[in-house]
Amino acid sequence: MLNRKLGISLIATSVVAITSGCATTSQPTSQALTVSDYQRAERQLRSHTNKLVYGTVEASKWLGDNRLLYRTSVKGGHEFVIADAAKGTKAAAFDHAAIASALSNDEKSYTATTLPFKSFKFSDEGKSIAFRLGKTSMECQLAPVSCDKADKKHYVAGQVVSPDGKKAAFIKDNNLWLLDVASGKKTQLTKDGVEDFGYGTNNAGWIRSKTPVMMWSPDSKKIATFQHDGRKVKSMHLVTTNVGHPTLDSWKYPLPGDEHTFMLERVIIDVDSKKVVRLKDAPDYQRSTVTDHVYSRGKMLDVQWNKASDSLAYVSVSRDHNHATLKVADAKTGKVATILDEKASTFFESGKGKANWFFLPKSNEVIWFSQRSDWGHLYLYDLGTGTLKNAVTEGNWNVLQVRAIDEKNRELYFTGAGREKGDPYFQYFYKAKFDGSELTLLTPEQGDHSVKLSEDRSYFVDSYSTPSVPATSVIRNIDGKVAVALEKSDISALQATAWRAPEAFVVKDRDGNFDIHGLMYKPSNFDPTKKYPVINYLYPGPQTGSIGSRSFVASRGDKQAMAELGFILIEIDALGTPMRSKKFHEFYFGDMGDSGVPDQVSAIKQLGAKYNWLDLDRVGIWGHSGGGFASTNAILRYPDFYKVAVSGAGNHDNRNYADAWGEKWQGMFKKNEDGTTNYDNQSNPLFVDGLKGKLLLAHGTLDDNVPPFNTLIVVDALIKANKDFDLLMLPNRRHGMAREPYMMRKRWDYFVEHLMGVKPPKEFKFGEQK
């Protein structure tokens with residue numbers, strides 16, 4: 001149900017639609033949108049706009065000697081560049097034309113800007129490059145240039161490679177195994193793993209993976225992981241749609257209020273001896289200080305080794321997410337010491353997308369993140385006593401992510417937001433001393449900064465932009481001085497088309513207490529003398545907002561495309577979303593049915609009072625996942641404001657969605673004596689009597705993130721209430737079906753017909769224009 005969980009599924013199978021007729025919100029006229037109108041809108045999608053942006057910095061990677069390898073877009077394709085930070089130079093990574101010639105054959109021809117790979121690795125001390133060409137591993141010698149199939153390397157699915165690159169761990173039959181990368185030899189490390197009680201199991205209910213949840217020690221001799229206990233957890237079930245017997249998919253998936261949820265019995269495995277050391281601690285709930293899983297972006301969360309690889313720090317989080325405890329374990333004995341803990345009144349987090357606590361045994365200290373002041377800041381603690389030494393940062397702004405710690409010079413490097421003038425969501429890069437002194441801004445240009453530090457932390461890449469201004473990318477030294485100018489994105493070709501950048505605006509929240517920031521999308525042929533129907537896109541969070549990154553992208557989904565059809569599209573980050581104060585973020589804790597919708601309504605009304613070309617009698621709303629829940633919520637609770645809603649893959653009652661989600665944002669499930677519950681205020685099926693306008697519900701039948709029953713319980717309630725609505729079930733689709741061309745076309749059609757009041761072109765097909 002979460003944006004960070006979207007997976008794209010473009011399975012070309014038949015689509016079953018169940019519809020029931022009802023009066024349109026705006027009576028159709030003789031007017032109609034044409035295929036050309038839809039094609040003009042289609043040209044606002046990223047498949048068309050991205051290739052008109054030149055001078056990007058993509059897939060950047062530090063090579064270890066303060067040289068940066070990156071891919072940049074040029075007219076006709078892409079090129080690979082190496083920048084030398086110390087020398088202040090940049091040059092082509094290799095002879096592109098020669099490589100293209102060596103790879104070309106009678107079946108396929110390549111040019112210097114259309115090489116058939118997006119990334120590569122230098123091998124043989126930089127004398128060759130290795131990459132994948134389809135399913136084939138290739139290697140090209142650079143002088144003289146020649147290309148051939150590479151030697152086959154040993155590989156198993158879902159492996160985690162050790163720091164020294166010699167070993168890889170993987171799961172087989174509920175146990176952890178070891179692969180010797182050079183020889184291919186496989187060795188079993190654990191032997192008592194069984195079904196639903198395996199080692200390193202990567203299952204949070206809403207997401208599953210074969211890659212084990214684990215962390216190698218720095219010396220590559222130990223593995224920190226857990227035995228994942230789901231033996232008493234109840235299961236979720238889905239079946240395929242096909243001719244003949246369907247295939248059943250069953251897996252463990254706990255729900256809010258369940259007696260049993262996933263538990264972790266933490267262990268440390270000595271690789272050489274195969275000894276499993278169980279930590280002398282009670283089992284942990286499968287929770288983290290970052291998200292509703294203990295694994296994210298390829299890493300185990302809330303676990304840190306010391307450099308000597310003989311002790312392990314970790315944070316235990318309570319089932320309700322509000323209590324976090326830092327502990328340190330002895331890797332040999334499993335003995336555990338509690339260092340410090342913190343309890344929040346709502347939910348505890350240690351930063352934005354990354355855990356910001358750090359175990360520093362060399363100086364006998366701990367860096368700890370807290371929002372105790374209503375803002376996210378860093379604090380220095382004594383590791384031995386668990387007592388506070390001093391605040392590292394303070395003020396009405398947020399530390400977002402600590403990117404590096406220099407223990408020798410006692411400095412931290414981190415991203416933050418809200419300290420500089422302008423948009424409070426713009427991210428900047430800073431450094432500060434452990435004692436809280438010498439806070440320094442390293443990226444002074446106003447905008448949203450994306451940074452990547454070199455391995456020795458002498459330099460960092462800085463790409464900065466805004467939603468309407470393309471990126472400038474440079475390499476800076478660690479003091480912030482520009483060492484190499486990399487690229488300045490050129491959007492002149494994009495601007496020569498009908499493309500239009502979104503416009504930023506600021507309004508007040510429902511009560512007039514907070515500034516609310518948003519983006520507005522207008523059609524390229526905007527005419528201020530006309531009245532435009534309004535589409536409100538929303539994602540309620542609470543873990544993110546509707547807008548997402550403030551960095552420049554040529555297309556933000558299909559938002560500008562929908563505006564090009566003749567709408568004004570509006571999105572805001574409402575109360576209840578992150579990157580502002582804690583009070584702002586926790587605004588609707590315990591009342592997820594709020595979803596920030598009152599702020600959406602208030603924002604559109606404020607804009608309507610300012611701009612008479614906004615038609616507030618024709619306002620629609622759409623969203624997917626959490627936005628699917630919130631858009632249905634909006635049309636049910638504000639039926640006189642929202643006339644049309646399109647809701648995809650919504651978690652319409654969080655009692656039907658993953659336990660870690662509801663229990664973090666709504667609280668632990670409680671049933672009252674009168675039969676009501678503390679989850680009733682967020683249950684869309686309980687509000688179906690409010691429906692007046694047009695509602696399209698859509699879901700994929702194999703959605704294993706938000707199972708389709710989440711939508712069907714709303715359908716059942718609507719039928720019982722004798723309400724008209726439209727339903728689209730997409731067979732064998734998973735959670736990412738909102739991006740599928742068919743679903744996108746149905747969404748456009750629905751707003752064109754029922755909000756704009758005109759006829760859409762019949763069965764428009766994307767991708768047919770040149």
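These legends describe close-up views of a predicted model.

Local features are given only at pLDDT of at least 70 and side-chain atom pairs only at pLDDT 80 or more, while totals for chains, interfaces and linings use all residues. Residues are numbered from 1 along each chain as its sequence is written, and side-chain values use heavy atoms, with hydrogens and water left out.

**View 1. Helix α8, residues 626–637.**
Helices (H or I, at least four residues) and strands (E, at least two) are DSSP runs, numbered from the N terminus. Helix α8 has 12 residues and spans 16 Å from first to last C-alpha, close to the 16 Å expected at 1.5 Å a residue. That expected span is 1.5 Å times one less than the number of residues. Of the 12 residues of α8, 11 are buried, so the helix is largely enclosed by the rest of the structure. Buried means under 20% relative accessible area, with a 1.4 Å probe and protein chains only. Among the buried residues are Phe629, Ile635 and Leu636. The buried residues of α8 pack against α7 (597–610), β46 (614–624), β47 (642–648) and β48 (694–700). Contact here means heavy atoms within 4.5 Å.

**View 2. Strand β31 and its partners β30 and β32.**
Strand β31 (365–370) is mostly covered, with 6 of its 6 residues buried. One side carries Glu365, Ile367 and Phe369; the other carries Val366, Trp368 and Ser370. Two strands pair if DSSP finds at least two bridges between them. β30 (358–360) pairs with β31 in the antiparallel sense over 3 bridges. Phe358 stands opposite Ile367. The β30–β31 hairpin has 4 residues between its strands, and Asn364 takes a positive phi near 60 degrees. β32 (377–382) also runs antiparallel to β31, joined by 6 bridges. Here Glu365 stands opposite Asp382. The β31–β32 hairpin has 6 residues between its strands, and Asp374 takes a positive phi near 85 degrees.

**View 3. The second largest pocket.**
This pocket holds about 960 Å³ of space. Of its 23 lining residues, Lys121, Ala130, Phe131, Ser137 and Lys153 are the closest to its centre. A pocket is an open set of points on a 1 Å grid over the protein atoms alone, where a 1.4 Å probe fits, with protein on both sides within 12 Å along at least five of seven lines; lining residues have an atom within 4 Å of a point. Its volume is the space filled by probe spheres set on the points, which are joined across faces, edges and corners. β6 (121–123), β7 (128–133) and β8 (136–142) each supply at least two lining residues. The lining has 10 nonpolar, 6 polar and 7 charged residues. Asp, Glu, Lys and Arg count as charged; Ala, Val, Leu, Ile, Met, Phe, Trp, Tyr, Cys and Pro as nonpolar; the others, Gly among them, as polar.

Technical notes. Buried < 20%, exposed > 50% of the residue type's maximum accessible area, 1.4 Å probe, protein only.
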